[in-house]
Amino acid sequence: FYLLKCVYLYFSAMQICMGYPRFTSGSGFLMSGYGDFHSIVFSIYRAIPFVFELSTILSWVVSDTSLLFYDWLKFEDLNSELFSVKCRLVWIEDQGRPFGTKQPMKEKFKTGVLLFSALVVVIWFPLLVLSTGLPGAQPNPAVHIDAGLAVQGWDPLFRVNSDIDNYQEIPSSPSFSLLRQDYPNLLADERKNTQVIDFPYYSESLWDITPT
């Protein structure tokens, strides 16, 4: 037991003397500095989907390590977070603002107000585009009709294919309410998009005599 303890102390002393192996990240070029350039480029690199994971896989494949891939991935993630924190600390130090002082209004406007406005635009702009109050959402009446009535395998008994000269909107809410009773799929706000079309009493195409 004493000899094993001596071996343990020997290797422990060697580790303290020579140091542990340096962890080399796959993003060494991007992490070579802590300035604005490296911070922005590294943020773009992390924002691209799956690029960080692919780089981590290749780094784990070509590196001599006893770590499993998932452990290596965790170390890479921790290293990236520490690098981002270091970049923020360097940026705060370059501002020359003492620790503990409140954020200036310029920083609040640049980060808070602009970010809030961008989120509002992203959330509400699609709703405004699809809103029924826009001119593009006004009723678009049909101007042409193509309809027919036929038995499969025979010539049409009734055929209409012409422009609509006379169409009218549902005249009143009571009439539209009666129509909704027959067609429950109609919504209450679709009255302006509903048309009454008068079909002619005769077909516009001739019905040939069935051959005997």
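Me: What share of the 212 residues counts as buried?
Reply: 12% of them. Buried means under 20% relative accessible area, exposed over 50%, partly exposed in between, with a 1.4 Å probe and protein chains only. This is a predicted model: local features need pLDDT of at least 70, side-chain atom pairs need 80 or more, and totals for chains, interfaces and linings use all residues. Residues are numbered from 1 along each chain as its sequence is written, and side-chain values use heavy atoms, without hydrogens or water.

Me: How many helices and strands?
Reply: 6 helices and 4 strands. These are DSSP runs numbered from the N terminus: helices are H or I, at least four residues, and strands are E, at least two. The order along the sequence is α-α-α-α-α-β-β-β-α-β.

Me: Which elements give two or more residues to its lining?
Reply: Helix 2 (36-47) and helix 4 (69-95). Helix 2 gives the largest share, 6 residues. The lining includes Tyr34, Asp36, Arg46, Arg88 and Trp91.

Me: And Val120, where does that lie?
Reply: In helix 5, residues 105-129. Val120 counts as partly exposed because its relative accessibility is 31%.

Me: What comes just after helix 1?
Reply: Gly19, with a positive phi of about 85°.

Notes: On a 1 Å grid over the protein atoms alone, a cavity is a set of points where a 1.4 Å probe fits but cannot get out, and a pocket is an open set with protein on both sides within 12 Å along at least five of seven lines; lining residues have an atom within 4 Å of a point.
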